[in-house]
Amino acid sequence: MAVSITVKGAKMTIRMAIPNKGRLYNRTVDLLIKSGLDFGEEWGRKLYITAKNQDIEVVFIRVQDIPKFINSGSVDLGITGQDQIINSGYNLEEILDLGFGYCRLSVAAPEKSNIKTIDDIKDGCRIATSFPKITKKFFDAKGKKVKIIEVGGSAEIMPYMDISDAIVDLVSSGLTLRMNGLVEIETIAKSQAVVVTSKDALSRSKGMITDIVSSIRSVIEAESKKYLMADVPASKLEEIKKLFPGVEGPTVMKIYGRDDMVAIHVVIEKNDVYSAVNTLQKMGSKGILTVPIDRMVQ
Ligand code: AMP
């Protein structure tokens with residue numbers, strides 16, 4: 001097995017694979033930069049880069065290939081869709097859900113066909129898909145001997161061309177299916193983007209993979225939160241403490257020369273900002289500020 005963790009002097013380098021294009025690309029790059037990886041200036045044109053500030057090499061690879069290279073040991077960890085990991089059939093370790101790239105792998109059939117449920121798919125039925133392994137596993141488990149037609153993409157057009165009777169493909173809003181006269185029949189698997197590695201790489205990396213993951217996690221946690229600061233009436237403090245439990249309750253500080261007001265700092269959910277600001281205002285608070293948080297380590 002190839003081992004990608006290399007030792008430069010006393011240092012190890014971790015190799016991380018991320019999507020080279022497509023739906024997961026922008027969010028992934030953004031997340032890694034926010035996590036503190038310095039990609040340098042020229043990275044847009046390169047297929048691999050070495051983060052300037054850390055011992056991490058980032059390689060840009062097709063989402064489909066990432067599980068294979070982690071399994072072979074050529075890559076230590078990666079970011080890809082769960083659908084790709086399931087379809088690869090490899091026993092890998094998903095170590096962090098990233099909260100984007102949500103979709104589901106579903107069976108769909110033409111609106112005008114007789115296929116309304118999975119039971120209507122009979123032996124010999126032709127199923128077009130870019131996910132042959134998981135499709136076969138799904139129909140095998142149902143005891144159906146379907147004919148799988150492997151395609152590289154655009155599965156939706158196959159029933160129209162009479163190349164297949166139904167398809168198995170990724171769906172998010174369902175709009176593409178509807179536009180192509182197809183109806184979703186059953187979900188095979190749900191998916192989102194994840195950080196994935198292998199048991200072997202985890203043990204070789206001596207904590208480096210765990211460090212990278214906690215850095216990414218801190219960015220994800222911070223993205224859903226805001227830091228709120230306000231001067232609030234001291235008489236309302238107990239009420240406010242109940243409203244904003246924060247990470248460990250609000251931080252309360254004295255305001256120089258004022259006994260009637262105190263300053264509070266608290267981390268709140270982004271979704272709660274609107275009601276929090278309104279409530280504080282109604283209680284007589286002043287100088288209410290909300291600011292973004294770069295990272296949050298609990
Ligand atoms: P792409 O490289 O653009 O083909 O997308 C690759 C990954 O994006 C898939 O493996 C999924 O994990 C994720 N994805 C999220 N929503 C969708 C969707 N509606 N269609 C295809 N891929 C999706």
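Visitor: Which element gives the most to the lining of the largest cavity?

Guide: β11 does, with three residues. This is a predicted model: local features need pLDDT of at least 70, side-chain atom pairs need 80 or more, and totals for chains, interfaces and linings use all residues. Numbering starts from 1 along each chain as its sequence is written, and side-chain values use heavy atoms, without hydrogens or water.

Visitor: What makes a residue part of that lining?

Guide: It has an atom within 4 Å of a grid point (1 Å grid, protein atoms alone). Asp83, Ile86, Arg104, Leu105, Ile134, Leu170, Ala189, Lys190 and Ser191 line the largest cavity. The elements giving two or more residues are α3 (82–88), β7 (103–110) and β11 (182–191). Such elements are DSSP runs, numbered from the N terminus: helices (H or I) of at least four residues, strands (E) of at least two.

Visitor: Why is one space called a cavity and another a pocket?

Guide: In a cavity, a 1.4 Å probe fits but cannot get out; a pocket is an open set with protein on both sides within 12 Å along at least five of seven lines. The count is one cavity of 30 Å³ or more. The largest cavity has a volume of about 30 Å³, while the largest pocket holds about 1,300 Å³. The second largest pocket holds about 160 Å³.

Visitor: What classes of residue line the largest cavity?

Guide: Five are nonpolar, one is polar and three are charged. Asp, Glu, Lys and Arg count as charged, so Asp83, Arg104 and Lys190 belong there.

Visitor: Where is the ligand?

Guide: The ligand takes up the space of the largest pocket. The test for sitting there is more than half of its atoms within 2 Å of the grid points. The pocket is lined by 43 residues, with Val63, Gln64, Gln84, Phe131 and Leu170 nearest its centre. α3 supplies the largest share of the lining, four residues.

Visitor: Which residues are around the ligand?

Guide: Gly22, Arg23, Leu24, Val63, Gly81, Asp83, Gln84, Gly101, Tyr102, Cys103, Leu170 and Ser172 are. The cut-off is a heavy atom within 4 Å. Five of this shell are nonpolar, five polar and two charged.

Visitor: How much of the ligand does the protein cover?

Guide: The protein covers 79% of the 480 Å² of accessible area (Shrake-Rupley, 1.4 Å probe) that the ligand has on its own.

Visitor: What supplies the largest share of the lining of the second largest pocket?

Guide: Helix α7 (residues 208–223) does, with five residues. The lining includes Met208, Asp211, Ile212, Ser215 and Ile216. Leu32, Ser35, Leu37, Gln54 and Ile56 also line this pocket. By class, six are nonpolar, three polar and one charged.

Key. Grid points are joined across faces, edges and corners, and a volume is the space filled by probe spheres set on the points.
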